[in-house]
Amino acid sequence: MTKIVITSDLHLGITTAAEIEPLVAAIAAERPDLTVIAGDIGEGETLIRDCLALFEGMPGEVAALGGNHDVWALSAPWKLGGPDSQTMWEQVLPGAVRDAGMRWLEAREWRAGGLAVTGSIAWYDYSGAAEDIPPQTEEYWIEFKRTLHPDAKFINWRWSDVDFATACGDALVANLEALEADGSVDSILLVTHVPIFREQLVIRPDIPNWRYGNAFFGNVTLGERVRGMAKLCAVVSGHTHIPVKTTTRHASGSLPVWVTASDFHKPSYVVYDGATGVVRDGAM
């Protein structure tokens, strides 16, 4: 039986190592074939590396994706001055993952039998905003982000959100298409940092601007691009810190789509059972 564990949003530097260590022990007790850390690993390069080191000796293989916090240009938590965001994305993150003896899942899928596990940061392109919000220009969302989201302060790469989301989406779709065409692959588990289906996004009517804030929490455009992939068996995402367990319409009928419950100071994980195709919460 193939067992995949997915965790996310560990945020070492906000969440403490002492708070993450019980999660690591619980995952190890699952005896997974693969553990995926689905982004927002730590606050700056040093803490990213320190967080990955907590998973040393984990049963099976460990893979990782980037999250939006992982490309912040930080020298220490909440202090600008580290490597720029483009360097974090292109060099520091994949280098830290590989230095830890782990798989950079953005570049290379994991396989066992007929199951393939692949992933993407799946950057937001503003398509996650609530459906009742009138269409807005890209310039509107750029300006709104400055008032709401810390990414606007701490990310300093040259790409726009839409450009980066499109590039990440193109790479993921090409990978999925190759796996779809591969006769040795029977099913694909997709792990993303940013949720990609409308059903994964929660509206919080008690919080002002949340309907607008979902513009930075999802990439529904990408979800529509992959919805027709017949071999997709489940999608698990992070980023929002709000757990979701639901399904969406899919080429083969119904597709399980989850968001992990991991939150600041409260890390958690989910488990995908390759034998049954069932996703369940981890035991903490």
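In the predicted model, the buried residues of helix 1 are Ile20, Leu23, Val24, Ala26, Ile27 and Glu30. When the helix is viewed down its axis, these buried residues fall within an arc of 165 degrees, so they line one face of helix 1. An α-helix has 3.6 residues a turn, so residues three or four places apart point the same way. On the other side of helix 1, by contrast, Ala18 and Ala29 are exposed. The elements that cover the buried residues of helix 1 include strand 1 (3-7), strand 2 (34-38) and helix 2 (45-53), together with strand 13 (269-273) and strand 14 (278-281). Helix 1 itself spans residues 17-30, and its 14 residues reach 20 Å from the first C-alpha to the last, which is close to the 20 Å expected at 1.5 Å a residue. Just after helix 1, Arg31 takes a positive phi of about 55 degrees.

Elsewhere in the chain, 6 strands form an open sheet with mixed pairing, and their order is 7-8-9-10-12-11. Strand 7 (110-112) and strand 11 (244-250) are the edge strands, each of them pairing on one side only. From one strand to the next, the twist averages 20 degrees. Within this sheet, strand 8 (residues 115-120) and strand 9 (residues 187-192) run parallel and are joined by 6 bridges, with Val117 standing opposite Leu189 in strand 9. Helix 6 (residues 161-181) packs on the sheet, where it touches strand 7, strand 8, strand 9 and strand 10 (232-237), and the direction of helix 6 makes about 170 degrees with that of strand 8.

The structure holds 0 disulfides.

Ser262 lies in the loop between strand 12 (253-259) and strand 13, and at 0% relative accessibility this serine counts as buried. When its neighbours within four places in sequence are left aside, Ser262 is in contact with Thr7, Ser8, Asp9, His241, Pro267 and Ser268. Ser262 and Gly113, in turn, are 149 residues apart in sequence, and the distance between them in space is 29 Å, C-alpha to C-alpha.

Note on methods
Residues numbered from 1 in each chain as written. Predicted model: local features only at pLDDT ≥ 70, side-chain atom pairs only at ≥ 80, totals over all residues. Heavy atoms only, no water. Pairing = 2+ DSSP bridges. Helix = DSSP H or I, 4+ residues; strand = E, 2+ residues; numbered from the N terminus. Axes fitted to C-alpha atoms, helices over the stretch in contact; angles between N-to-C directions. Contact = heavy atoms within 4.5 Å. Expected span 1.5 Å × (residues − 1). Buried < 20%, exposed > 50% of the residue type's maximum accessible area, 1.4 Å probe, protein only. Arc of directions from axis to C-beta. Disulfide = S-S within 2.5 Å.
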